[in-house]
Amino acid sequence: MAGLSSQGLGSGLDIASLVTKLVAAEKAPRQAQLQREQTSTVTEISALATLKGAMSNFNDSLSALKTQDVFSQRSADSDDTEIFTATATTAALGGSYDIDVESLASAHQIASNAFAGGASGNVGTGTLTIGTGGKSFSVAIDDSHKTLAQIRDAINSAADNANLVRATIVTGADGAHLMLTAQTSGATSAISIGVADATGTLGNLAYSASSTGNYVEKHQALDAVVYVSGFKHTSPTNTISDAIDGVTITAKKADVGETHTLTISNDTNGTTAKIKKFVDSYNALEAQIAKLRAYDPQTKVAGPLLGDALLRGIESDIRSKVSGAVGGLTGNYQSLASIGITTNKDGSLALNSDKLSKALSADYDGVAKLFGSDNGVAARLSTSLTDRLTDKADIATRTKALNDKSLSLQKDAVDLDRRMQDITARYNQQFNTLDSMLSSMQQQSSFLTQQLSQIANIK
């Protein structure tokens, strides 16, 4: 039954307002309790998600350090990158090599003699057979497609011309020239053009190694020639990958008679960058943990996981694995402190770059073992973090329990609203009944008063 929107007919009471206030007073304590619990639960869920995200980011940074294999990457340094560059894989062994770039690879390019009629002038009909790199394709030139421009287009659109030859037209004062460029470099990319059933001047497009008069050679078909430690290597491209195991050399510019140096060494720059990222990622995680357990005595605001046993356990475990020595190692580098990574008072890490550089130079493999051996710093951290980030670990199970609690609190809030609706209806019924009784009593009172007044007037 809905509450009355006006005063009671008999009592004059504001029943609707009275019922609203009574229901609100009864609802308020439980509603406040549910809101407090829901806010606390959602805050804790969010805090655990933040913690898990920070731990995951730190774990990602460990992938570049957690095995010794990742330290086996080599750097390949050219003393003149304008002449050549190089890359190296883990298969490369350290050493220095003399490099002489005698010539670069080039693609064959030829330009026809001038056609005075220009690009739109008729050339003739017949069949062109164009070859390069051991492959060829044919182009039929009929009477309706016999201009130089149409011949160019027919060559470029030929179905079998899969990136073999590209045709263009270059126009000069003497007329138009058909220019053909092989799309692959190397000595085997030389272009040949056969002409069959020619009419008009189509035969002037023929070209072969023994008959070159119809064209001017703009670029020869050449292999790259590079001497590695005095041994000659050729390649149809400017890339040579079979001279040194695990090393790819890319010639950039010929420098005949000049010797340059290629140095293969441990990738200390790359490793230094990975270690710096490790330190930065750890500090980001530590800062996030500190925020979650913080307490500001001035504002009296506490972090959402202040005093939380799970958070304390995670932080303690990570710190011990970072600061502890690695068992089973020999040599000078058995802890992070020994290579210049120390712990500040606030728990963050500090990196001494000079000390790290000296350690990498003195014993690169020793630093690799410190991080990536079976019980290495990165390896043991990654194992621990990976276990804690699984769906069955403490963070996940606790988050699930909190989500279940949040759903339960939402249901309790709905049940509370439903119960208050029932109480509202009961109060309305009770007060309306009371109002009817008061109205009836007032009517009886008026009647008795009237009767008594009439009796008093009898003489």
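Predicted model: local features only at pLDDT ≥ 70, side-chain atom pairs only at ≥ 80, totals over all residues.
A crossing is left-handed if the near helix is turned anticlockwise from the far one by less than a right angle, and right-handed if clockwise. Residues are numbered from 1 along each chain as its sequence is written, and side-chain values use heavy atoms, with hydrogens and water left out. Helices are DSSP runs (H or I, at least four residues), numbered from the N terminus.

**Helix 1 and helix 4**
- Helix 1 (residues 15–62) and helix 4 (residues 309–323) have axes that come within 12 Å and cross at roughly 15 degrees; axes are lines fitted to C-alpha atoms over the stretch in contact, and angles run from 0 to 180 degrees between N-to-C directions.
- Helix 1 and helix 4 are therefore roughly parallel (angles under 35 degrees).
- The crossing of helix 1 past helix 4 is left-handed.
- Leu48, Leu51, Met55 and Phe58 of helix 1 meet Leu310, Leu311, Ile314 and Ile318 of helix 4, where contact means heavy atoms within 4.5 Å.
- This contact comprises 8 nonpolar, no polar and no charged residues (nonpolar: Ala, Val, Leu, Ile, Met, Phe, Trp, Tyr, Cys and Pro; charged: Asp, Glu, Lys and Arg; polar: the others, Gly among them).

**Helix 3 and helix 5**
- Helix 3 (residues 268–292) packs against helix 5 (residues 353–362) at about 135 degrees, the axes being 11 Å apart.
- Helix 3 passes helix 5 in a right-handed crossing.
- From helix 3, Thr268, Thr271, Thr272, Ile275 and Lys276 meet Ser353, Leu356 and Leu360 in helix 5.
- The contact of helix 3 with helix 5 has 3 nonpolar, 4 polar and 1 charged residues.

Key:
Helix = DSSP H or I, 4+ residues; strand = E, 2+ residues; numbered from the N terminus. Parallel < 35°, antiparallel > 145°, perpendicular 65-115°, else oblique.
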